[in-house]
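Here is a short briefing to read alongside the model. Have the sequence and the 3D view open as you go.

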Amino acid sequence: MKRVETAVPQISPEVRLSDVAKVFAGVGISRGETVARLEGRMPIIGVRDLQDGFVAGREALETAPFSSPSKAAVYTVQADDILVTGRGTLLKFGLVGDETVGAVASANIIVVRPGSSTIGGALFAILSSDVFRPKIEVLRRGATTLLSLSPKDLAKLEINLPPLSEQERIAALVRDAQVAYRTALEAAEIRRSLARRLIDARLFGVNQNH
């Protein structure tokens, strides 16, 4: 009987996150500066802007002024950056899309910027996975109500990064899953809005067209 060979997936060697990505914290915003300056405002990303793996688009973000545009530019996010909450009660992740590019990461956000041998979608899948989330949780310190994560500690995290071709396939799956999820949410919101209008019509005899 002929023996059937089965392919055994190769496990890539462990590398530190800092070897394949740039890891840095966002910029702090001075409250005094926010009140004093009204010009030169830029959209800024906070903890609440990371939801279900998404990062809010520029139009939905709060804005803050910067006395030095060049300083702010250092902290503007790029497509496929991975954002991680540096401070807060919950550990949250977000993958930056085109709609968020150019916004500024706040001091409560850690930016993980993939290097040339790394694809953002795949790295996002690794870091936000059920396997790596507990490893990152362990690195968080502080009171139970407000934990902090150091970019330096996160950069030391060891990961198994697949070959580039496999990363591309994983990134494509991540994009497809996010599109499907967002489409489902939008459809559910439309159905809920229609249901509310029908209920109002039955209860109050009015038809809201807005």
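What percentage of the 210 residues of the protein count as buried? The figure is 39%, where buried means under 20% relative accessible area with a 1.4 Å probe and protein chains only. This is a predicted model, so local features need pLDDT of at least 70 and side-chain atom pairs count only at pLDDT 80 or more, while totals for chains, interfaces and linings use all residues. Residues are numbered from 1 along each chain as its sequence is written, and side-chain values use heavy atoms, leaving out hydrogens and water.

**Overall build**
- You will find seven helices and 14 strands, taken as DSSP runs (helices H or I, at least four residues; strands E, at least two) numbered from the N terminus.
- Among contacts (heavy atoms within 4.5 Å) with a separation of 6 or more, 75% join residues 24 or more positions apart.

**Nonpolar cores**
- The largest nonpolar core has 25 residues; such a core is a set of buried Ala, Val, Leu, Ile, Met, Phe, Trp, Tyr and Cys residues joined through side-chain atoms within 4.5 Å.
- Leu17, Val84, Val112, Leu127, Leu154 and Ile159 touch the most other members.
- Elements giving two or more residues to this core include strand 11 (109-114) and helix 6 (151-155), and helix 4 gives the most, with four.
- Apart from this core lies another, of 12 residues, among them Val55, Val77, Val96 and Ile109.

**A closer look at Leu154**
- Beyond neighbours within four places in sequence, Leu154 is in contact with residues including Leu17, Val23, Val84 and Ile136.

Key
Buried means under 20% relative accessible area, exposed over 50%, partly exposed in between (1.4 Å probe, protein chains only).
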